[in-house]
Amino acid sequence: MTPKAKPLFDPKLFLAKVGEGRKIADYSKNQVVFSQEDRADAIFHIQKGKVKLTVVSNAGKEAVIAILDTGDFLGEECLAGRALRLSTATAMSDCSIVRLEKTAMIRVLHEEPAFSEMFLAYVLSRNMRIEEDLVDQLFNSSEKRLARILLLLANFGKEAKPEPLIAKISQETLAEMIGTTRSRVSFFMNKFRKMGFIEYNGGLHVHSSLLNIVLHD
């Protein structure tokens, strides 16, 4: 009798189901997923919604270091032996998030090549994004940095289909992301609106023409 072939492993299906070492939880807007200095013992995967990562300095100054979307992982620093969280993760909208225990994550990475390939691709993509953010901070004006962040939030340049309409995001949060003041963000947002690059209509609508700001020398 021919033994049955092992069914193909589907990473997305694996992440969508509750199982050993993993569970799914819903978070409401502004609810904390984990806090800076919490024990780092799990990885999280966003099934639906947006999450922001913030850090607070010893002097009490807070900065937004990333905004993550559906399909992104967070908390992966525990795989590198980090014992405590480096940042605070907060839901920016209603979210559905999978929590994978560190041991369960390590096991599936060892046992399932398809999952390992998907996770490696994500980590490499995230690393490139961090490098791009660093270059952006070092060499570009705050106006260009704001334009780039808005385009990224709308998924321009990603494999996913662009979503020109962005859920409400405060100018304070945008200012923290690009390292400037809220008044400067307000000035540039009004400039972009007058030039027809963005619209306010129950949300923020970003047009691809905003790329003109990023590409202009």
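Two strands count as paired if DSSP finds at least two bridges between them. The model shown in these views is predicted.

**View 1. The open sheet of four antiparallel strands.** The strand order is β1-β8-β3-β6. At the edges lie β1 (22-27) and β6 (73-74), each of which pairs on one side only. Helix α2, residues 102-111, packs on this sheet and touches β3, β6 and β8. The direction of α2 makes about 80 degrees with that of β8.

**View 2. Pairing of β3 with β8.** Six bridges join strand β3 (residues 42-48) to strand β8 (residues 95-101), and the sense is antiparallel. Within this pair, I43 stands opposite L100 in β8.

**View 3. Surroundings of F73 in the largest nonpolar core.** The core holds 28 residues, of which F44, F73, L74 and F115 touch the most other members. Leaving aside residues up to four places away in sequence, F73 touches L15, I43, F44, H45, L68, M105, F115, M118, F119, Y122 and R126. Another core, of 27 residues, lies apart from the largest one; V64, I149, L151 and I178 are among its members.

**View 4. Crossing of α2 and α3.** The axes of α2 and helix α3 (residues 113-139) come within 5 Å and cross at roughly 110 degrees. Because angles of 65 to 115 degrees count as roughly perpendicular, α2 is roughly perpendicular to α3. On the α2 side the contact involves M105, V108, L109, H110 and E111, which meet P113, F115, S116 and F119 in α3. By class, the residues of this contact are six nonpolar, two polar and one charged.

Notes:
Residues are numbered from 1 along each chain as its sequence is written. This is a predicted model: local features need pLDDT of at least 70, side-chain atom pairs count only at pLDDT 80 or more; totals for chains, interfaces and linings use all residues. Side-chain values use heavy atoms; hydrogens and water are left out. Helices (H or I, at least four residues) and strands (E, at least two) are DSSP runs, numbered from the N terminus. Contact means heavy atoms within 4.5 Å. Axes are lines fitted to C-alpha atoms, for helices over the stretch in contact, and angles run from 0 to 180 degrees between N-to-C directions. A nonpolar core is a set of buried Ala, Val, Leu, Ile, Met, Phe, Trp, Tyr and Cys residues joined through side-chain atoms within 4.5 Å. Buried means under 20% relative accessible area, exposed over 50%, partly exposed in between (1.4 Å probe, protein chains only). Angles under 35 degrees count as roughly parallel, over 145 as roughly antiparallel, 65 to 115 as roughly perpendicular and the rest as oblique. Ala, Val, Leu, Ile, Met, Phe, Trp, Tyr, Cys and Pro count as nonpolar, Asp, Glu, Lys and Arg as charged, and the others, Gly among them, as polar.
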